[in-house]
Amino acid sequence: MSSNGAANNTDNKKPLREKYVVLYESIFNYKDPMNKPLEKDEQFWDELFLLKINSGYLENSILLQSEEELISIEQTVMNPLCFKCLSYMNDSSSIRRANAIQTLCILFKALFTKKWNNFSIRILSLICGFQNADEFFKMLLSRGCSILLKGKEEEDKRVRQMVLALFVILLTGADNINQNAIIDYFTIVDIFEALIYVIEDKYSYSIKMKKNAIICLATLCNYRKYELLDNIYLNHLKNLQKPSSMLALAEMTTKFLFIWNDSFQNVVIEEEGLISYVWTSIFGSTTNDETKKARSVNEISGSLLIFYELIKSNKDFVGSITRSLAQQVVSENNNITNNNNSNNSLKSIKEHLTEMQNTKLIRGCPLILQEFLKFSSVLFQEPYYTTKYVMKVNNSKTGSDDIASQYYTHFCLLVILCLLEKKVFIKYIFDINTKLDFYLFKKEKGIFTKKQFNGYGTIAKIIMELLIDFIFHHLQRKHFPIDLSIRALSAIHLLICYSRKYRVRFAVDWDTLWKSLTMICDIIGKDNCNKEKEKASNLLERVLSIFNLGILKGEAFLPTRRHHEQMIYHFIRTSSVFDLLTDWMERNLKKVNVNRQLILNINTIIVDIGNEIDIKFGSYPSEDQVFGIIKHVYPNLKFVEFQTLETVEEYTENPNEITFFSQLIKLFVFDCKQLVHHSFLNQKNQ
């Protein structure tokens, strides 16, 4: 009997419940009219904010209630709880400070997932009451900045980590950042100094924390970018002159690009070999999927957005990354030594003079540019990067999954265009004495390999090769990307014009460029772009302008006369494409359209040289016979001269790229939300 009684007593005992849950149940017990969280004593709150947070329970306390239920407890529960969190941000205990900020993170994140009729007003009311919003958020941001500006000796790492997480959640709460009124408070309380401090500090902040700071800065720079007359964060970047700050931003961009490129190399380059393929097919993969996983392009989006803004707006940034290159001293036997050798002070003046005569200073390619070009080389040659390497599905299933790849490909082209409009950058990339010692990714026969660059040469040639690869590989997409091609051809046009100015001849694959441009003409001529006739005409103008540069100025920038003759021969070989294109112009373009003039020189070559070939050698001449005719006839041809042929339209973000950037920032915010979501999942699983 006694044993049965003991068993019954055990069955009747209630299971032990987590104290954190018990305390929060008392707060959210809104059905009890006597429940007044604000009137709970200080001991209650002191204890609550010392307990380990059950983020899953707290988040569900919001998520499992309807919008109407949350509104009903706005003044009795939500406002008092949030004000208590704000108050405990100044507590003497670092545990309470961190837990108070983390509580706000969870509350904001949960509220942002709800569907509100008036997003901003409702969120402000639920958190602190609309009438108290100014006081609450000014205090919140000011205290957050004060915490971030403290070093690791003065403030606990977790507290600073939570502040940055809270800022990210606040800034990315709405899918459209321009509809998030909370960001207005970030324009009142300027957090730029705190963010730069985080990015610049080498000891107190982890890479993840610096990444969150960059996400915040990128979001703030794009908030109402085309509406506000004075975006303070854009102005900060525009006027940034402190070398250490610019260097820190460049270093973070370089680091994130390096990590991405290194991951791509480990996953793709090392696993695409034939032996590896056969081994994996038979025995399975021997690598750890966690350590060898292709990274999504959006992992570096924040740093790329800052990189772009600095290039476009800051007059000193491009000069600093090209002028402040590490100068290397190369001796006559080609051994590279450090300029800051500690033994130099021990050498005699005579030894110094002798060494100076036997050495020379060289310039290399800055690491940030190397890593950016590597990153671009993947996206430029693999339109389906996301589905092929990140999601690992067949190309036939591609669709909206690759939208990130397409947007960041477009974005990389805009970065290159911005760089090409900087005189200091142009002068640098056309320096033939630049030391080349890096590689890009090159796709050949469907497989990526590393293409190494050694010796001395121009960075301009490497960029030119990259753009030609872009045009060639994107022509193989089912949906021809007109917008992307326009940007790429604008960059190619600029490089050709500058190559004449600096008298640099590019030894690139010109034949692939001519073939690719002709394929574009073929696509347009076959009515495949008729839904976007205006854009097609714009693209065609760039194609025909480059062709005319080759016809009229080619001998000044092509490597040899033979290359020029091969271009002329190409027009004759593909004459049917230009006949088709001429017919398309007759049907679709106005009489005054510039393309009608630009195609005249190509038609002159096809008709005059083509007729001469037919008269002398018939329908099947040999290649040598054709080149003989070209050499004889070409100098006597009369071409139309174009005064504006070397004039390229300046890159203007507003209004040309407003739609693109609006879509890009929405994608960026979505990715940041996913980042926050995964971070919270990790906390729940710990």
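# Briefing: salt bridges, helix packing and backbone features

K451 and E465 form a salt bridge, with 3.2 Å between the closest N and O atoms. The pair links distant parts of the chain, since K451 sits in strand β6 (residues 447–453) and E465 in helix α24 (residues 459–474), 14 residues apart. The model is a predicted one. The protein has 686 residues, 51% of them buried, and contains 33 helices and seven strands.

**Overall make-up**

- Of the contacts in the protein between residues at least 6 apart in sequence, 77% join residues at least 24 apart.
- The count of salt bridges comes to 30.

**Salt bridges**

- Side chains of opposite charge can pair when their charged atoms come close.
- K451 counts as partly exposed, because its relative accessibility is 30%, between the limits of 20% and 50%.
- R487 and D483 meet through their side chains in a salt bridge, at 3.6 Å from N to O.
- Both R487 and D483 belong to helix α25 (residues 482–501), where they are four residues apart, about one turn of the helix.
- R487 is buried at 13% relative accessibility, whereas D483 is partly exposed, with a relative accessible area of 27%.
- A network of salt bridges links D483 and R487 with E532, K535 and E657.
- E586 and R596 also meet in a salt bridge, with an N to O distance of 3.1 Å.
- E586 counts as partly exposed at 48% relative accessibility, and R596 counts as buried at 13%.

**Helix packing: α26 and α28**

- Two packed helices are described by the angle between their axes and the distance between the axes.
- Helix α26 (residues 510–525) packs with helix α28 (residues 561–573) at an angle of about 25 degrees, and their axes are 10 Å apart.
- Because angles under 35 degrees count as roughly parallel, α26 and α28 are roughly parallel to each other.
- The crossing in which α26 passes α28 is right-handed.
- Which residues make this contact? On the α26 side they are W510, D511, W514, K515 and T518, and on the α28 side H563, M567, H570 and R573.
- The residues of the contact of α26 with α28 divide into three nonpolar, three polar and three charged.

**Helix packing: α15 and α17**

- Helix α15 (residues 243–269) and helix α17 (residues 301–313) pack with their axes 9 Å apart, at an angle of about 135 degrees.
- Are α15 and α17 oblique or roughly antiparallel? They are oblique to each other, because roughly antiparallel requires an angle over 145 degrees.
- α15 passes α17 in a left-handed crossing.
- In α15, L249, T253, F256 and L257 meet S303, L304, I306, F307 and L310 of α17.
- The contact of α15 with α17 has seven nonpolar residues, two polar and no charged.

**Backbone features in loops**

- Most residues other than glycine have a negative phi, and most peptide bonds are trans.
- Where is there a cis peptide bond? One joins N654 and P655, with an omega of about 15 degrees.
- P655 is in the loop between α32 (623–633) and α33 (658–685).
- K445 is not a glycine, yet its phi is positive, at about 55 degrees.
- The loop between β5 (438–444) and β6 holds K445.
- K445 is exposed, because its relative accessible area is 87%, over the 50% limit.
- D527, another residue other than glycine, has a positive phi near 65 degrees.
- D527 lies in the loop between α26 and α27 (533–557).
- D527 counts as partly exposed at 34% relative accessibility.

Notes: Residues are numbered from 1 along each chain as its sequence is written. This is a predicted model: local features need pLDDT of at least 70, side-chain atom pairs count only at pLDDT 80 or more; totals for chains, interfaces and linings use all residues. Side-chain values use heavy atoms; hydrogens and water are left out. A salt bridge is a side-chain nitrogen of Lys or Arg within 4 Å of a carboxyl oxygen of Asp or Glu. Helices (H or I, at least four residues) and strands (E, at least two) are DSSP runs, numbered from the N terminus. Buried means under 20% relative accessible area, exposed over 50%, partly exposed in between (1.4 Å probe, protein chains only). Axes are lines fitted to C-alpha atoms, for helices over the stretch in contact, and angles run from 0 to 180 degrees between N-to-C directions. Angles under 35 degrees count as roughly parallel, over 145 as roughly antiparallel, 65 to 115 as roughly perpendicular and the rest as oblique. A crossing is left-handed if the near helix is turned anticlockwise from the far one by less than a right angle, and right-handed if clockwise. Contact means heavy atoms within 4.5 Å. Ala, Val, Leu, Ile, Met, Phe, Trp, Tyr, Cys and Pro count as nonpolar, Asp, Glu, Lys and Arg as charged, and the others, Gly among them, as polar.
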